[in-house]
Amino acid sequence: MTDELQLQMNEYLPLRDVVFQTLRQAILQGYLQPGERLMEIHLAQKLGVSRTPVREAIRMLELEGLVIMVPRKGAIVAEITVSDLEDVLEVREALEELAVKKACQNMNEEQLERLKQAAKRFSDSLEKDLLASAQADVEFHEIICEATQNKRLVQILNNIREQIYRYRLENLKDRSSHANLVEEHTAICRALEERSEEKASEAIRIHIEHQKSSIIGSLSIKQELQEDK
């Protein structure tokens with residue numbers, strides 16, 4: 001899906017880092033699909049740069065685990081694996097539970113209203129635009145994180161949130177999960193409005209466990225289809 005690629009210029013960054021950020025976002029947002037080859041010449045032409053910054057960016061992506069090097073094929077976008085998913089969501093669940101507890105203590109009325117609006121945007125866009133839904137979901141969790149007033153927690157969760165962006169899109173592709181997702185957001189909002197740490201913790205655990213089950217199911221189906229080919 002390299003037709004979607006556009007260089008995200010930043011005059012304060014070296015060209016290598018600009019290419020890296022552009023390719024990284026393309027992978028996280030699903031424009032570059034798992035298993036897709038990253039051909040230096042093609043990417044350089046598409047982005048309007050030389051092969052050197054592309055090659056350096058691909059090495060950086062490999063260090064992040066987003067790209068793997070395969071003999072006789074070169075650089076390939078890393079597959080989404082069940083093991084990776086379980087590792088990331090295990091960490092996310094613990095941190096999100098801490099975040100909602102802190103948010104129960106610190107969230108103000110303006111943040112609570114923004115949270116409800118993000119939940120509504122998520123619900124309204126589900127059947128129309130998955131990328132818009134994914135962005136609304138990100139915003140929903142970012143508002144909770146912001147309300148913790150813990151800068152280090154915000155930093156760590158932002159990093160994890162980027163890592164699971166691909167998983168979030170996989171989850172949203174499962175239309176059977178949409179109703180549950182809307183209900184789970186509503187439950188989280190209600191718990192935060194009531195300032196109930198117990199209800200908020202339970203709601204966020206259910207939310208993430210359902211997400212895990214849905215994505216693992218999707219990945220298992222894809223794996224079975226690949227094995228049948």
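Author: Gladly, and one term comes before the rest: contact means heavy atoms within 4.5 Å. This is a predicted model, in which local features need pLDDT of at least 70, side-chain atom pairs count only at pLDDT 80 or more, and totals for chains, interfaces and linings use all residues. Residues are numbered from 1 along each chain as its sequence is written, and side-chain values use heavy atoms, with hydrogens and water left out.

Reader: Which residues of α6 and α7 meet?

Author: From α6 they are V138, H141, E142, C145 and E146, and they meet L153, V154, L157, N158 and R161 in α7. Helices here are DSSP runs (H or I, at least four residues), numbered from the N terminus. The residues of this contact between α6 and α7 divide into five nonpolar, two polar and three charged, where Ala, Val, Leu, Ile, Met, Phe, Trp, Tyr, Cys and Pro count as nonpolar, Asp, Glu, Lys and Arg as charged, and the others, Gly among them, as polar.

Reader: At what angle do α6 and α7 pack?

Author: The angle between α6 and helix α7 (residues 151-163) is about 165 degrees, and their axes are 10 Å apart. That makes α6 roughly antiparallel to α7, a label given to angles over 145 degrees. Axes are lines fitted to C-alpha atoms, for helices over the stretch in contact, and angles run from 0 to 180 degrees between N-to-C directions.

Reader: And how far apart are the axes of α5 and α6?

Author: The axes of α5 and helix α6 (residues 130-147) are 8 Å apart, at an angle of about 165 degrees, and that makes α5 roughly antiparallel to α6. By class, this contact of α5 with α6 has 10 nonpolar, three polar and five charged residues.

Reader: Changing topic, is H185 buried or exposed?

Author: H185, which lies in helix α9 (residues 178-194), is buried, with a relative accessible area of 1%; buried means under 20%, exposed over 50%, and partly exposed in between, with a 1.4 Å probe and protein chains only. Not counting residues up to four places away in sequence, H185 touches A119, F122, D137, F140, H141 and H207.

Reader: What about K120, and where is it?

Author: K120 is in helix α5, and at 47% relative accessibility K120 counts as partly exposed.

Reader: Where is confidence lowest in the chain?

Author: Confidence is lowest in helix α8 (residues 165-173), at a mean of 77, and highest in helix α5 (residues 109-125), at 97. These are pLDDT values, the predictor's confidence in each residue, from 0 to 100.

Technical notes. Helix = DSSP H or I, 4+ residues; strand = E, 2+ residues; numbered from the N terminus. Parallel < 35°, antiparallel > 145°, perpendicular 65-115°, else oblique.
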